[in-house]
Protein chains: 2
Amino acid sequence: MRLSPLDIAGVGVDLPEPVDVRALATAQGAPVDGYRGWISACHGGAGDHPSSMGVRALERALADARVSAAELRLVLFCGASRDYPPSWSVSTEIMRLAGASDHCLGLDTSAGCLATLTGLDLAHGWLALHGGGHAAVVAAERWSHTIDHGDPASSALWSYGDGAAAAVVALDAGAAGRLRFLGAEFRSRSAYNGYVRIEYGGTRAPVAPAGVDPHRRRVVGRSRDEVIAAYREGYAAAYAALRARFPAEPTHLVCNQISPGVVGTISSELDLEDRTTVTGHETGHLGGPDVLVGLRRYLDEEHDDQAVVLAASASYAFGTGLLVADRSREPRPPHGPPSVEPAGTRKGVTP
Amino acid sequence: MRLSPLDIAGVGVDLPEPVDVRALATAQGAPVDGYRGWISACHGGAGDHPSSMGVRALERALADARVSAAELRLVLFCGASRDYPPSWSVSTEIMRLAGASDHCLGLDTSAGCLATLTGLDLAHGWLALHGGGHAAVVAAERWSHTIDHGDPASSALWSYGDGAAAAVVALDAGAAGRLRFLGAEFRSRSAYNGYVRIEYGGTRAPVAPAGVDPHRRRVVGRSRDEVIAAYREGYAAAYAALRARFPAEPTHLVCNQISPGVVGTISSELDLEDRTTVTGHETGHLGGPDVLVGLRRYLDEEHDDQAVVLAASASYAFGTGLLVADRSREPRPPHGPPSVEPAGTRKGVTP
């Protein structure tokens, strides 16, 4: 089967104001001397929910792509947080708010912070089956309220940030886009499912005991060394599979995972240590949105790499995806005035 | 792009014991004289959770397909209920329990009761991108505890049942299978998102007020006539798109939606009123699993249709998928001894 690459037609982000992570922990009585995480994290306000942040990011991505919401055939939501539990649909709510048509389908997908990369892959396959056209991959998290900033054992999670990012993608649709997604490869470590876990609210423990915050997210039962080894092995295997599948030679990495240390591990494993776009110190760890917030910055910075890797993971699965420059297309004027309203940012990632 | 159909290599189900829906409502003081729903519904026991029921269904589907868990490259979970909230992964837990390899990826997807049909479509596209092989579509719900059987306004939901079903599918993998999935078409009605809703547990209303069951699922704010009209229009449009895309003439329908009345509406809209496999009166409305529980029964009954429609929906999206018989393959001996352990059933859907 021959298949066209997936055009990245537009990318948009929506980020609440960042807070100072160490100040927040200090205010709650936790020691911060040994803290090595992202120093800021966007925290959502009263109106910032997965659907509301998601639709703002999508509208910016549509403007960036010069595509209308009515042209979308598929909206994939790729976040772990939700306005309401299923079967209520975040993606369908984003469709409704954006003005998508009844010919568009909304699907919610979840794979921790890996879901945006799997979303690009799923959108690619779905458009191929359905004759091409435009789709949107929308990631949003509002999860900073699930983190206990007073608990030193949760310090690895203190920098979880809220925000949204969206990509409008196109297959065989003549869409504008400087980069094209060739594909992605993944490796799992199913025994590590639950390394970061919310205990209550599912079928096994529906209701928290009195006095316990039902939404608290905790790190459970693995040493840091074990986890880092799993990340190294997972990323190395996923990347080896990606390199075996595609001949391009990547010269840049877009990656923002749970901490600077983990990003360092990943970028050294992929041998792209000094060529990595990271957004964590301004935004915190946004989960699904990270890889698209980074891609928005990469595009704004007008790099000229031939091939770029997107790297993302959950604790139980690791993925690398490959983007290549489309030299057949007219480049935008470098550093010229933006042709659409700013594609990003209430705050945070303007270069 | 030319693409092979997706082989349905095996189907398995796992169903807890059914309860008498009217007796349950009566015991809780609700009147049942006007009740027109499914008369039984499977209710899960202490050990029945999305992952545990899901892996039992998957193991039966693998045995039916004569495929090992190690051969799976993708596991899509397609339920609305979960053992634990994300980023914990139901699909990855099912992979772990089944013994899938690190080369397999787990993704959780959600689109109400439509997600199993969208799962077949997503698996088809994903396998096409990744060079073919085997995948699993696993649907499970444990949601009967979210229904208030004492509330007459919730009577449309009284027959929500718990259970799981799985399909092992294959692309260009030489897998056995009497039916092949050609594709599916969908139509949305995004304004109807939230017609059935759990109010608490998302970012908008994280915690229920004191004394309110946080998991209660309710029907909200639409007349029955409005909803039936939306179903008619949604299914008619999705089916017209399916018929336009594929030339086969369907002669059978597999469908089990929220009530006998809704299934009647759908089957008459598709002109397959007396040729429909329905499982509701024995199982209740299982959500995502319905379409595969029906398919298991259809296969067990040894029909010989050339083309079969799968129909499923959420209140906000409607889908029809097309299966065709593969006449090039050796049929199993009709009514002979089963070649694997029973593919279904602790109870309920043996024909």
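Contact here means heavy atoms within 4.5 Å. The model is predicted: local features need pLDDT of at least 70, side-chain atom pairs count only at pLDDT 80 or more, and totals for chains, interfaces and linings use all residues. Residues are numbered from 1 along each chain as its sequence is written, chains are lettered from A and ligands numbered from 1 in the order in which they are written, and side-chain values use heavy atoms, with hydrogens and water left out.

A:Leu295 also belongs to the largest nonpolar core, which has 96 residues. A:Val169, A:Leu295, B:Val169 and B:Leu295 have the most contacts inside this core. From chain B, the core draws at least three residues from each of domain 1 (6-177) and domain 2 (180-187 + 223-325). The domain bounds come from an automatic or database domain assignment. A nonpolar core is a set of buried Ala, Val, Leu, Ile, Met, Phe, Trp, Tyr and Cys residues joined through side-chain atoms within 4.5 Å. Buried means under 20% relative accessible area, exposed over 50%, and partly exposed in between (1.4 Å probe, protein chains only). In soluble globular proteins, nonpolar side chains tend to be buried together.

The two chains touch through 71 residues from chain B and 71 residues from chain A. About 6200 Å² is buried between them, and carbon and sulfur atoms give 58% of this area. Buried area is the accessible area (1.4 Å probe) that two parts lose on being put together, summed over both. In chain B, B:Leu129, B:Thr203 and B:Arg204 lose the most area to chain A, together 12% of what that side buries.

Two salt bridges cross the interface. A salt bridge is a side-chain nitrogen of Lys or Arg within 4 Å of a carboxyl oxygen of Asp or Glu. B:Arg204 forms a salt bridge with A:Asp83, with the closest N and O atoms 2.7 Å apart. On the side of chain B that touches chain A, H4(B) gives the largest share, eight residues. Helices (H or I, at least four residues) and strands (E, at least two) are DSSP runs, numbered from the N terminus.

The peptide bond from A:Pro86 to A:Ser87 is cis, with omega near 15°. A:Ser87 sits in the loop between strand S4 (72-77) and helix H3 (90-98) of chain A. A:Glu302 has a positive phi of about 55°, although it is not a glycine.
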